[in-house]
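Colleague: I would like to learn how to read a model of this kind, feature by feature. Could you take me through the general idea each time and then show me the case at hand?

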Amino acid sequence: AAQAAGSVRRAIFFSSQLVVRVGYTPKDDLDVNPPNAYGESKAHGEKTVREMASNSMEWVIVRPTTIWGPWFGVKYQGLYRNIRRQRYVHPAGRKIKKVWGYVGNSVFHLDRLAYVDASKVHGKTIYMADYDPTDLLEYAQIIGECWGGKKVRQVPIAVLKALALTGDAMKLVGKNFPMTSYRLGNMLGQMDLSIEPLREICGPQPYTLRESAQATVDWMKAHEDFDRN
């Protein structure tokens, strides 16, 4: 469609970090290892872009990680909800780094990618997130402060593993439980992605982690039905 229009100077194609499973280190942009059908579909999309776009227009592929903030869906609100209700517990002694992005910063990144000199973006594949990895405990504590001083408890990893096994058993009989082995694995999973190319292209981003968290809490407070689901 972009080619047929004849007026598209630059296109930004959205892929996903899930073209590469967490824990896998790709050799280059073409080395993909998706963990599920969604990631596989994105990998096929990237292949199509590279084959068809060629030099008919300026193009760049972006791979967003988890993007959070105002207007995010219920699926991504879980951390904020659980901290507000003081249900979130952090593995004691564990330093967990996440490569996530605040939506306000992501909009800024997209604006820069659309207008910087073509030599900086054409034909490239770039991960999109906040530049510096997010320390999960620090992030949780900031969210708690934004909720008015909610404390984040830390518990031994052995306790969390026991709770996860309990959740697995309850899931088998159709019952919900806040912790399962899958959720614990997601919590503990370390992300090793380079966001430096994005930093070099876009320059300083506008929002700090604390500003981002406060804006998100304010948005959730303004939507009365957010906590009913």
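This is a predicted model: local features need pLDDT of at least 70, side-chain atom pairs count only at pLDDT 80 or more; totals for chains, interfaces and linings use all residues.

Colleague: How many helices and strands does the secondary structure of the protein come to, and what share of its residues count as buried?

Modeller: The protein has nine helices and nine strands, and 39% of its 229 residues count as buried. Taken along the principal axes, its C-alpha atoms fill a box of roughly 55 × 35 × 35 Å. Among the contacts with a separation of 6 or more, 78% are accounted for by residues 24 or more positions apart.

Colleague: Let us turn to a single helix. Which residues are buried in H2, and where do they fall around its axis?

Modeller: The general idea is that an α-helix has 3.6 residues a turn, so residues three or four places apart point the same way. Helix H2, residues 37-53, has 17 residues and reaches 24 Å from its first C-alpha to its last, close to the 24 Å expected at 1.5 Å a residue. Its buried residues are Gly39, Ala43, Glu46, Val49 and Ala53. Seen down the axis of H2, these buried residues fall within an arc of 125°, so they line one face of the helix.

Colleague: What covers the buried residues of H2, and which exposed residues does the face turned away from them carry?

Modeller: The cover includes helix H1 (2-5), strand E1 (10-14) and strand E2 (58-64), while the face of H2 turned away from the buried side carries the exposed residues Ala37, Glu51 and Met52.

Colleague: Which residues are buried in H9?

Modeller: In H9 the buried residues are Ser212, Ala213, Thr216, Val217, Trp219 and Met220. They cover an arc of only 160° around the axis, which puts them on the same side of H9. The elements that cover them include strand E3 (66-68), H3, strand E6 (100-102), helix H4 (103-115) and helix H5 (136-146). As for length, the 14 residues of H9 should span 20 Å at 1.5 Å a residue, and the end C-alpha atoms of H9 are 20 Å apart, which agrees.

Colleague: Is Tyr80 buried or exposed, and which residues does it touch?

Modeller: Tyr80, whose place is in helix H3, has a relative accessible area of 1% and is therefore buried, the cut-off being under 20%. Leaving aside residues up to four places away in sequence, Tyr80 touches Trp68, Phe72, Tyr139, Ile143, Trp147, Ala213, Thr216, Val217 and Met220.

Colleague: For another pair, at what angle do H6 and H7 pack?

Modeller: Helix H6 (residues 157-172) and helix H7 (residues 181-188) pack at an angle of about 145°, with their axes 8 Å apart. H6 brings Ile157, Leu160, Lys161, Ala164, Leu165 and Asp168 to the contact, and H7 brings Ser181, Leu184 and Leu188. The residues of this contact divide into six nonpolar, one polar and two charged.

Colleague: Last, the backbone. What is the phi of Trp71, and what is that of Gln86?

Modeller: Most residues other than glycine have a negative phi. Trp71, however, has a phi near 80°, a positive value in a residue other than glycine, and Gln86 has a positive phi of about 60° although it is not a glycine. Trp71 lies in the loop between E3 and H3, and with a relative accessible area of 71% it is exposed. Gln86 lies in the loop between H3 and strand E4 (89-91), and at 38% relative accessibility Gln86 counts as partly exposed.

Notes. Residues are numbered from 1 along each chain as its sequence is written. Side-chain values use heavy atoms; hydrogens and water are left out. Helices (H or I, at least four residues) and strands (E, at least two) are DSSP runs, numbered from the N terminus. The expected span of a helix is 1.5 Å times one less than its number of residues. Buried means under 20% relative accessible area, exposed over 50%, partly exposed in between (1.4 Å probe, protein chains only). The arc is that of the directions from the helix axis to the C-beta atoms. Contact means heavy atoms within 4.5 Å. Axes are lines fitted to C-alpha atoms, for helices over the stretch in contact, and angles run from 0 to 180 degrees between N-to-C directions. Ala, Val, Leu, Ile, Met, Phe, Trp, Tyr, Cys and Pro count as nonpolar, Asp, Glu, Lys and Arg as charged, and the others, Gly among them, as polar.
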